[in-house]
Amino acid sequence: MRRALLVVIALLLMLASATASQSMSVARVTGQVMDETGQFLVSMILVEDLATNTRRTHFTDLTGRFALELPKGEYHLTFQQGSQYEKVETTINITSRIPKDLKAIVLTRLYHLSARGWYGGDLHQHTFFSDGADSPLALLTAGLAAGLDFGVVTDHNQVTGQAEYMEFSCLRNGSDSFLALGGVEVTSEDKGHYNVINTSKVYPFTFVSAEDFAISVDEAKGKERFVQVNHPSRRDILGFAYWEIIDRFDGIEVWNGKDIPPLSSTNLSAKEKWFELLNEGIRLTATASSDVHSVIGNSLRKDLDPLTLAWYTRGTFVGMPRTYVKLPELTASALVQALKEGKVFLSNGPLVIADISGKAYGEAVPPGDRKLSYEILNNEALRLLRMYINGKAVQEIPLEGLTAFGHIDLTLSAGQHVVLEVEAENLGYALTNPIYCE
Ligand SMILES: [Zn+2]
């Protein structure tokens, strides 16, 4: 008995000293991220442990300040805020528990799309009020850190998380504001999932009949709301299984962030289906969203193929990918209207602004000889521009560097539509909505 007690005491002492030596070797690394004008930036910090080759995503607080607790070792830190700022990378060596203050980390702004009316946001995000891991505030912080201009909370069938998300939305930095919206992912048993953007309506989990499901779509639609089919080509129960009513929707999630860009994977099937619908005259706006369930990626599947693993290794989850929308002002009604009109491109990095004879995405040009002008911007190297006419790839232009400007001469006839696709390094990808010819 006494011997057992001694063993327990010895074990406790060992545990205590192990804990003490662990905390002895952890150093606090602090600083504040700001832009080149000294304005703080909410941003993301990717921390790579060079000894174990593992990565973890961190965020600053809402004033750009950060505090990392790092055990002894060597770390590569990447500070970033979406593709409109330069990344800053640094390696630090933690040898003792002495705190390190990195002071100001300055991210230089490369582009300012919102100043030109282009706003990027995430239309599909979950909190712990449905099956996500995070609070609405954590989701909002991660969205600001990813450089989003707007975000929509879309928990499954209910709306409890909306109030907190919208309450804490705030000025991101000096002049740029953030639009926080409420939505819902209407989740049916076997017909599929669809998002209603800009609603606070609660939905039941079971629809009595297919007709009831169709009626719910009709009721959701309206001038102030955008209704899109989510992850249409998922091969499990989450895929869309009611194509008879597809023309009742405003949009289709061609790129869902659970999977790699639509060059392969279920997102490729979604893109091909979208082209098919466009060719039938059903004009749905293509969108891209993260469908995030954890801002640091904790809900990852275990069975990842190398490409999907590389996709997740980017370390960004909120806003990856996102939908860029051309707006006269950053308001809910302007956003919904522009989404319906297809003034939209999708991206996880490359920014693609193009027009044909002055007409942009969602608009139409008359038949004849036309000139397509493009401007492509990124903070990672561009690789390729591909042009599709009626869903068929007709031209490829190799790209290099961070920016590309140019034009393509083309002859268009009525009924055709033109879509651009851009590839960049590190799985960077963008897809535009069509410019039509009619
Ligand atoms: Zn879903």
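**Figure 1. Surroundings of Thr432 in the predicted model.** In this predicted model, Thr432 touches Phe345, Val352, Ala354, Tyr361, Val419 and Leu420, leaving aside residues up to four places away in sequence. Thr432 belongs to strand S24, which covers residues 428–432, and Thr432 counts as buried because 26 other C-beta atoms lie within 10 Å, where 20 or more are required for that class. Although Thr432 and Leu346 are 86 residues apart along the chain, their C-alpha atoms are separated by 6.1 Å.

**Figure 2. The largest nonpolar core and the contacts of Val254.** The largest nonpolar core holds 96 residues, of which Val254, Val352, Ile376 and Val422 touch the most other members. Helix H2 (residues 136–145) gives the most to this core, contributing six residues. In soluble globular proteins, nonpolar side chains tend to be buried together. Val254 has contacts that, with residues up to four places away in sequence not counted, comprise Pro262, Asn267, Ala270, Lys271, Trp274, Ala286, Thr287, Ala288, Leu346 and Leu431.

**Figure 3. Strand S15 between its two partner strands.** Strand S15 (residues 322–326) is largely enclosed by the rest of the structure, because five of its five residues are buried. Both faces of S15 are covered, with Arg322, Tyr324 and Lys326 buried on one side and Thr323 and Val325 buried on the other. Strand S8 (residues 118–122) pairs with S15 in the antiparallel sense over four bridges, and within this pairing Gly121 has Thr323 of S15 as its bridge partner. S15 also pairs with strand S16 (residues 344–347), again in the antiparallel sense and over four bridges, and here the bridge partner of Thr323 is Leu346 in S16.

Figure 4. The peptide bond from Met320 to Pro321 is cis, with omega near 0°, and Pro321 is found in the loop between helix H6 (306–313) and S15. In helix H7 (residues 332–341), the residues Leu335, Val336, Ala338, Leu339 and Lys340 are buried. Just after H7, Gly342 takes a positive phi of about 75°.

**Figure 5. Two residues other than glycine with positive phi.** Most residues other than glycine have a negative phi, and most peptide bonds are trans. Asn157, which is not a glycine, has a positive phi near 65° and is placed in the loop between strand S9 (150–156) and helix H3 (162–167). With 18 other C-beta atoms within 10 Å, Asn157 is partly exposed. Ser265 likewise is not a glycine, yet has a positive phi of about 75°; Ser265 is found in helix H5 (residues 265–279) and counts as buried, with 20 C-beta neighbours inside 10 Å.

**Figure 6. The open sheet S17-S19-S22.** Three strands form this open sheet in the order S17-S19-S22, with antiparallel pairing. Strand S17 (351–356) and strand S22 (403–412) stand at the edges, each with a single partner strand, so one side of each is left without a neighbour in the sheet. From one strand to the next, the twist averages 15°. Strand S19 (residues 368–377) and S22 run antiparallel and are joined by 10 bridges, and Tyr374 stands opposite Gly406 in S22.

**Figure 7. The open sheet S3-S2-S5-S6.** Four strands make up this open sheet, in the order S3-S2-S5-S6 and with antiparallel pairing. The edges are taken by S3 and strand S6 (88–94), each of which has a single partner strand, so one side of each is left without a neighbour in the sheet. The twist here averages 25° from one strand to the next. S2 and strand S5 (residues 73–80) run antiparallel and are joined by six bridges, and Val47 stands opposite Leu77 in S5.

**Figure 8. The contact between domain 1 and domain 2.** The protein chain is divided into domain 1 (22–107), domain 2 (113–348) and domain 3 (350–438), and the centres of domain 1 and domain 2, taken over C-alpha atoms, are separated by 30 Å. The contact between these two takes 18 residues from domain 1 and 16 residues from domain 2. On the side of domain 1 that touches domain 2, strand S2 (44–49) and strand S3 (54–59) each supply at least two residues, and the largest share, four residues, comes from S3. The residues of this side of domain 1 divide into eight nonpolar, seven polar and three charged.

Definitions and conventions
Residues are numbered from 1 along each chain as its sequence is written. This is a predicted model: local features need pLDDT of at least 70, side-chain atom pairs count only at pLDDT 80 or more; totals for chains, interfaces and linings use all residues. Domain bounds come from an automatic or database domain assignment. Two residues are in contact if their C-beta atoms, placed from the backbone, lie within 7 Å. Ala, Val, Leu, Ile, Met, Phe, Trp, Tyr, Cys and Pro count as nonpolar, Asp, Glu, Lys and Arg as charged, and the others, Gly among them, as polar. Two strands pair if DSSP finds at least two bridges between them. Axes are lines fitted to C-alpha atoms, for helices over the stretch in contact, and angles run from 0 to 180 degrees between N-to-C directions. A nonpolar core is a set of buried Ala, Val, Leu, Ile, Met, Phe, Trp, Tyr and Cys residues joined through C-beta atoms within 7 Å. A residue is buried if 20 or more other C-beta atoms lie within 10 Å of its own, exposed if 12 or fewer, and partly exposed in between; C-beta atoms are placed from the backbone.
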